[in-house]
Amino acid sequence: MTHTGEQKIQWAAQYMPVLNAIRERFEKEKPLAGQRIGMALHVEAKTACLVRTLAAGGAEVYITGCNPLSTQDDVAEALREGGIACYAKRGCNTEEYYAAIDKVLDARPTLTIDDGMDLINRVHIDRRDVLPEIIGACEETTTGIHRLRAMQADGKLEFPVIAVNDTPMKHYFDNVHGTGESVLASIMLTTNVLLAGRHVVVAGYGYCGRGVATKARALGARVIVTEIDSRRALQAHFDGFDVMSMIEAAKVGDLFVTTTGNCGIITGRHFPLMKSGAILSNAGHFNNEIDGIWLAEHAAAVEHRDGIDTYIIDGKKIHLLAEGRLVNLATPKGMGHPIEVMDLSFAVQALSVEYVAKFGRTLSAGVHDVPTEMDEYIARLKLAAVGATLDELSAEQKEYMSSWNHGT
Ligand code: NAI
């Protein structure tokens with residue numbers, strides 16, 4: 001019988017036309033021959049398709065997880081059976097997490113791929129022995145890019161990194177639609193509660209928050225947004241959502257989703273104000289948006305269910321999903337983003353890796369944008385895959401758009 005991990009990978013592969021097209025070219029051209037790629041990503045089926053694409057391009061690939069709770073062990077096993085060095089394990093402790101990162105670095109990668117910057121951080125602080133051989137890197141998520149830009153501002157980033165997250169073909173789709181759908185799907189599968197009619201509080205109205213808020217409303221939820229940025233708050237208001245501070249929202253919300261990439265969003269100031277039965281979840285990269293430590297310290301009792309910890313505070317029940325880690329990946333039923341979305345994000349990754357392999361030595365240390373032509377190329381591949389056709393600018397339109405001399 002086929003391995004369950006292998007079945008998951010094959011299921012994902014059938015809905016990844018863009019990555020598959022890149023893989024076919026990589027198989028012929030071997031643009032990554034001689035490269036050793038070290039990766040720290042969520043190890044699940046779509047990521048496995050990226051790993052195999054890079055291996056098809058001629059690279060040796062070494063991978064571990066980027067979150068202690070997001071690895072799917074059967075997929076990790078299928079990768080190992082296919083000859084990939086995979087060190088990820090679901091539910092690892094902090095020591096095991098960094099030991100696995102070190103194993104990836106022991107391979108002396110020439111290129112790295114991160115989701116959250118843990119590999120790059122480790123290389124610059126504890127594993128400087130591997131720095132000289134690294135040509136460059138790619139970073140998948142908003143939080144990783146924030147950390148990298150802070151590092152660059154301090155003059156500490158020592159090689160070029162492509163900001164995969166920042167390109168339209170990633171964050172327009174992945175952060176908005178991928179996070180939006182998968183966060184709600186994971187919450188519904190874990191809790192079995194109805195969203196229609198519920199007050200859903202979304203903290204942060206960035207790309208992820210907008211996706212969660214819009215899709216929750218589509219399911220009939222009454223959505224409240226909290227923000228610290230006045231323009232994003234106003235955008236939420238004009239999009240038809242109620243906007244209020246978390247202190248106010250805490251009293252009203254039935255379900256909370258944090259999507260800020262910031263720390264201390266729901267804390268000991270808020271929990272005592274909440275209704276009994278409130279469900280709390282986080283979609284931001286790290287588990288510091290909801291103060292789980294406060295809950296553990298102040299609860300009279302804790303009940304554990306699969307993916308849900310219930311804290312009894314002043315006789316009220318506050319439910320925290322997936323220990324406050326990425327709810328779309330870290331609940332037992334969380335499968336991460338829908339496949340089609342990761343097809344685009346990982347197509348950007350694959351082409352960015354090829355770009356670093358080709359041009360990394362000529363790029364300065366620091367964060368670099370994905371080249372626009374590459375992004376457009378991926379969009380065209382996807383449009384072709386869905387059978388959509390594009391209009392083209394006529395010569396007259398090109399001239400009109402580039403002129404300042406046309407008036408009434
Ligand atoms: P973004 O920068 O577009 O949005 C974040 C928003 O949160 C901003 O509008 C900001 O003003 C707001 N914010 C910051 N501090 C706040 C506070 N104290 N209260 C209320 N709002 C606050 O970032 P994006 O792309 O939406 O990413 C958000 C987080 O989600 C990051 O940590 C990112 O790495 C992560 N992410 C998670 C994914 C998943 O699969 N769950 C997928 C993609 C990104």
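The model is predicted: local features need pLDDT of at least 70, side-chain atom pairs count only at pLDDT 80 or more, and totals for chains, interfaces and linings use all residues. Residues are numbered from 1 along each chain as its sequence is written. The chain is assigned domain 1 (4-170 + 338-385) and domain 2 (176-330), with bounds that come from an automatic or database domain assignment. Both domains give residues to the shell around the ligand, so the ligand lies between them.

**Domains**

- The centres of domain 1 and domain 2, taken over C-alpha atoms, are 29 Å apart.
- Domain 1 brings 11 residues to the contact and domain 2 brings 13; two residues are in contact if their C-beta atoms, placed from the backbone, lie within 7 Å.
- On the side of domain 1 that touches domain 2, helix H7 gives the most, with 3 residues. Helices (H or I, at least four residues) and strands (E, at least two) are DSSP runs, numbered from the N terminus.
- That side of domain 1 has 3 nonpolar, 8 polar and no charged residues. Here Ala, Val, Leu, Ile, Met, Phe, Trp, Tyr, Cys and Pro count as nonpolar, Asp, Glu, Lys and Arg as charged, and the others, Gly among them, as polar.

**Ligand shell**

- The ligand has 30 residues around it, of which Gly204, Gly206, Cys208, Gly261 and His285 come nearest. A residue is near a molecule or strand if its C-beta atom, placed from the backbone, lies within 6 Å of it.
- At least two shell residues come from each of helix H7 (142-153), helix H8 (168-191) and helix H9 (207-218).
- H8 gives the most to this shell, with 4 residues.
- By class, the shell has 8 nonpolar, 18 polar and 4 charged residues.

**Sheet of 7 strands**

- This open sheet runs in the order E3-E2-E1-E4-E5-E6-E15, with parallel pairing; two strands pair if DSSP finds at least two bridges between them.
- Strand E3 (85-86) and strand E15 (366-368) are at the edges and have a single partner strand each, so one side of each is left without a neighbour in the sheet.
- H7 packs on the sheet and touches strand E4 (111-114), strand E5 (136-139), strand E6 (160-163) and E15, its direction making about 135° with that of E15. Axes are lines fitted to C-alpha atoms, for helices over the stretch in contact, and angles run from 0 to 180 degrees between N-to-C directions.
- Strand E2 (residues 60-64) pairs with E3 in the parallel sense over 2 bridges.
- Tyr62 has Ala85 in E3 as its bridge partner.

**Sheet of 8 strands**

- The strands of this open sheet have the order E9-E8-E7-E10-E11-E14-E13-E12, and their pairing is mixed.
- Strand E9 (242-243) and strand E12 (301-305) are the edge strands, and each pairs on one side only.
- Strand E13 (residues 308-313) pairs with strand E14 (residues 316-321) in the antiparallel sense over 6 bridges.
- Opposite Asp309 stands Leu320 in E14.

**Helix contacts**

- Helix H1 (residues 4-13) and helix H4 (residues 73-81) have axes that come within 7 Å and cross at roughly 90°.
- H1 is therefore roughly perpendicular to H4; angles under 35 degrees count as roughly parallel, over 145 as roughly antiparallel, 65 to 115 as roughly perpendicular and the rest as oblique.
- In this contact, Thr4, Gly5, Glu6, Lys8 and Ile9 of H1 meet Asp74, Val75, Glu77 and Ala78 of H4.
- The residues of the contact of H1 with H4 are 3 nonpolar, 2 polar and 4 charged.
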